[in-house]
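This briefing sets out selected features of the structure shown below, grouped by topic. Residue-level detail is given under each heading.

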Amino acid sequence: MLILPWLVPEDPSSFAALKKALPSLERVSPCYFSLNADFDLKTALDPNKETLKSLGLKLYPLVVNEGFKPDVARVLLETAEARKKTADILMNKVMEENYPGLNVDFEGPFGQWRSEYSEFIALLAEMLHKEGKEISVDVVSQTKEPTPEHSWAYPFEYQKLGSVVDYLVLMGYDYSSTFSPPGPVAPNDWLRAVKAYTISQVPGQKVILGLPFYGRHWTIEPDGSYSKGRGIKYKQAMELASEWRVKPVPHESGCRYIDYKYPDNSREQIFFEDRTTLLEKIKIADGLAGIAFWRLGQEDENIWDYL
């Protein structure tokens with residue numbers, strides 16, 4: 001089974017985690033590139049880039065539309081000329097640095113240009129494939145055909161994208177997200193539904209199931225109001241459990257759960273993954289091309305002993 005973790009170069013813990021995971025990996029996606037509305041391709045500073053190149057891994061850099069801004073996506077995609085210019089910029093970078101391929105991660109509520117995005121990916125895929133390069137595209141997870149109201153999901157036409165790319169990477173996380181009520185990031189039943197819908201649109205051998213190494217942490221007030229769901233690493237969650245003297249327990253959705261109550265009836269709730277819950281989620285990817293993880297440096301490092 002293919003394993004594709006993302007690496008965040010500005011976080012030292014991400015590269016440290018990669019070194020721990022190295023025996024399990026043949027590829028990694030470093031989060032290197034960002035395209036802005038001026039068609040400038042910005043590259044993240046990676047203090048470990050030369051070391052990374054020496055590790056024998058295939059590097060498939062990730063590229064985003066700057067800040068996941070819909071206006072940036074519009075500029076990059078709106079016309080045939082813009083799509084060709086965007087594709088040329090990315091193709092030139094792949095050839096210049098001799099990457100084996102590219103991971104495209106355009107996100108945001110740019111559904112008005114969903115057809116243009118599919119056309120752009122088809123063009124870029126054709127260019128990359130002519131040079132023997134690979135393309136994967138990250139998509140918001142869906143359990144049915146999205147409508148314009150599903151603003152972050154609507155840009156992605158699964159069938160059209162899946163017909164031209166090597167891999168469609170499902171972002172199988174943020175079911176409960178920054179602005180939602182407290183809840184699991186990647187419920188197992190939801191992941192199964194996402195898989196079922198996706199393979200009705202795209203051959204399973206082209207589908208990668210992305211899974212979360214992170215969790216989310218909410219503070220809930222006595223009146224029931226709640227904070228934003230803050231991202232939290234496995235190590236941080238376990239440290240808080242120790243500080244609060246509570247034991248993480250299994251949650252019915254398939255993750256770990258911490259619920260700590262203060263004397264005033266406010267509480268802290270954390271939903272996160274550990275080795276055991278991740279191994280169960282990986283089973284859901286059976287029959288697919290592989291799995292991806294967002295992201296290195298957030299995980300229960302013991303997972304790598306089992307992959």
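**Helix H8 and its surroundings**

In helix H8 (residues 234-244) of this predicted model, the buried residues include Tyr234, Ala237, Leu240, Ala241 and Trp244. Viewed along the axis of H8, the buried residues fall within an arc of 130°, so they line one face of the helix. On the other side of H8, Lys235, Ser242 and Glu243 are exposed.

- Arginine 245 follows H8 and has a positive phi, near 60°.

**The five-stranded sheet**

- An open sheet is formed by five strands in the order S11-S10-S14-S13-S12, with antiparallel pairing.
- S11 and strand S12 (249-250) are the edge strands, each of which pairs on one side only.
- S14 is mostly covered, with five of its six residues buried.
- S10 and S14 are antiparallel and pair over five bridges; within this pairing, tryptophan 218 has glutamine 269 of S14 as its bridge partner.
- S13 and S14 also run antiparallel, joined by six bridges.
- Glutamine 269 in S14 stands opposite aspartate 259, and isoleucine 270 in S14 is the bridge partner of isoleucine 258.
- The hairpin of S13 and S14 has five residues between the strands, and asparagine 265 in this hairpin takes a positive phi near 75°.

**Helix H9**

- Which residues of helix H9 (residues 275-284) are buried? They are Thr277, Leu278, Lys281, Ile282 and Ile284.
- Seen down the axis of H9, these buried residues fall within an arc of 145°, so they line one face of the helix.
- The packing partners of the buried H9 residues are H7, strand S9 (207-212), S13 and strand S15 (290-294).

**Nonpolar cores**

- In soluble globular proteins, nonpolar side chains tend to be buried together.
- The largest nonpolar core has 86 residues, of which Val104 and Tyr117 touch the most other members.
- Helix H5 (residues 114-130) supplies the largest share of this core, seven residues.
- Apart from this core lies another, of nine residues, among them Ile232, Leu240, Ile270 and Phe272.
- Leaving out residues up to four places away in sequence, tyrosine 117 touches Leu77, Val104, Phe106, Phe110, Val137, Pro155, Phe156 and Leu161.

**Aromatic pairs and charges over rings**

- How many aromatic pairs does the structure hold? There are 21 aromatic pairs.
- For tyrosine 175 and tryptophan 190, the ring centres are 5.2 Å apart and the planes are at 50°, so the pair is tilted.
- This pair links distant parts of the chain, 15 residues apart: tyrosine 175 is in the loop between strand S8 (167-171) and helix H7 (188-199), whereas tryptophan 190 is in helix H7.
- Tyrosine 175 counts as partly exposed because its relative accessibility is 47%, and tryptophan 190 counts as buried because its relative accessibility is 15%.
- A cluster of Phe106, Phe110, Tyr117, Phe120 and Phe156 is linked by ring pairs.
- Lysine 49 places its charged end over the ring of tyrosine 32, 5.1 Å from the ring centre.
- Arginine 114 places its charged end over the ring of tyrosine 154, 4.0 Å from the ring centre.

**Valine 165**

- Valine 165 is located in the loop between helix H6 (158-164) and S8.
- Is valine 165 buried or exposed? With a relative accessibility of 2%, valine 165 counts as buried.
- Apart from its neighbours within four places in sequence, valine 165 is in contact with Ile121, Ile135, Val137 and Lys206.
- Valine 165 and asparagine 36 are 129 residues apart along the chain, and their C-alpha atoms are separated by 23 Å.

Definitions and conventions
Residues numbered from 1 in each chain as written. Predicted model: local features only at pLDDT ≥ 70, side-chain atom pairs only at ≥ 80, totals over all residues. Heavy atoms only, no water. Core = buried A, V, L, I, M, F, W, Y, C linked by side-chain atoms within 4.5 Å. Buried < 20%, exposed > 50% of the residue type's maximum accessible area, 1.4 Å probe, protein only. Helix = DSSP H or I, 4+ residues; strand = E, 2+ residues; numbered from the N terminus. Contact = heavy atoms within 4.5 Å. Phe/Tyr/Trp six-rings, centres within 6.5 Å; stacked < 30°, edge-to-face > 60°. Lys NZ or Arg CZ within 6 Å of the ring centre and 35° of its normal. Arc of directions from axis to C-beta. Pairing = 2+ DSSP bridges.
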